[in-house]
Amino acid sequence: MGFGGRRGSGCPCGSGATYTACCEPLHDGVRVAATAEELMRSRYSAYEKGVADYLFRTWHPRTRPPRVTVDAEVTWTGLDIHDVVSTGADDERGEVEFTARFVRAGQSGALRERSRFERRSGRWLYLDGE
């Protein structure tokens, strides 16, 4: 599988915490993301770890595709956050601009996106991105 961009116990999202203390409880449904940035970081980790069901659950139903998959040929290698707008615990909408680096078929690449998030029933959800 191509998900292990980083080895060891550090969380792929780059928080500096261990995966078990950071994104794993979100992926397992033990808790929900408190901010849109935390959701964005946990979604990056889900791509890196291959947790497609979490990606599906955290995608807004209005924009979510019928099926969410993770490309096993992609190895995610790093995440950089460039900008965060209104993603606090009291906000209803937020944006996070980031670059996610990856390797596919031996070629390095990067995805830069400004993601939009919306809170629904108290939970942050990924809406869409540009």
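This is a predicted model: local features need pLDDT of at least 70, side-chain atom pairs count only at pLDDT 80 or more; totals for chains, interfaces and linings use all residues.

Which residues have the most contacts inside the largest nonpolar core?

The largest nonpolar core has 22 residues. Leu-39, Met-40, Tyr-44, Tyr-54, Leu-79, Ala-100 and Phe-117 have the most contacts inside it. Several elements contribute. At least two residues of this core come from each of α2, α3 (52-57), β1, β2 (93-104) and β4 (123-129). Helix α2 gives the largest share, with five residues. As a general point, nonpolar side chains in soluble globular proteins tend to be buried together.

Take Ala-100 next. Neighbours within four places in sequence are left aside here. Beyond them, Ala-100 is in contact with Tyr-44, Trp-76, Gly-78, Leu-79, Gly-109, Ala-110 and Leu-111. Two of these partners, Tyr-44 and Trp-76, also pair with each other through their rings.

Now the rings. The structure holds five aromatic pairs. One of them joins Tyr-44 and Trp-76. Their geometry is edge-to-face, with 6.1 Å centre to centre and 75° between the planes. The planes are over 60 degrees apart, so the pair counts as edge-to-face rather than tilted. Tyr-44 belongs to helix α2 (residues 36-49) and Trp-76 to strand β1, so this pair ties together parts that are 32 residues apart in sequence.

Both partners are shielded. Tyr-44 has 6% relative accessibility and counts as buried. Trp-76 has a relative accessible area of 13% and is buried too. The cut-off is under 20%, so both values qualify. Strand β1 itself covers residues 74-85.

Ser-45 lies 31 residues away in sequence, yet the C-alpha to C-alpha distance is 8.8 Å. Ring pairs link Tyr-44, Tyr-47, Trp-76 and Phe-102 into a cluster.

Two other rings carry a charged residue over the face. Lys-49 lies over Tyr-19, at 4.5 Å from the ring centre. Arg-64 lies over Phe-56, at 4.2 Å from the ring centre.

A second, separate core has five residues. Among them are Cys-11, Cys-13, Tyr-19 and Cys-22.

Technical notes: Residues are numbered from 1 along each chain as its sequence is written. Side-chain values use heavy atoms; hydrogens and water are left out. Helices (H or I, at least four residues) and strands (E, at least two) are DSSP runs, numbered from the N terminus. Buried means under 20% relative accessible area, exposed over 50%, partly exposed in between (1.4 Å probe, protein chains only). Rings of Phe, Tyr and Trp (its six-membered ring) pair if their centres lie within 6.5 Å; planes under 30 degrees apart count as stacked, over 60 as edge-to-face and the rest as tilted. A charge sits over a ring if NZ of Lys or CZ of Arg is within 6 Å of the ring centre and within 35 degrees of the ring normal. A nonpolar core is a set of buried Ala, Val, Leu, Ile, Met, Phe, Trp, Tyr and Cys residues joined through side-chain atoms within 4.5 Å. Contact means heavy atoms within 4.5 Å.
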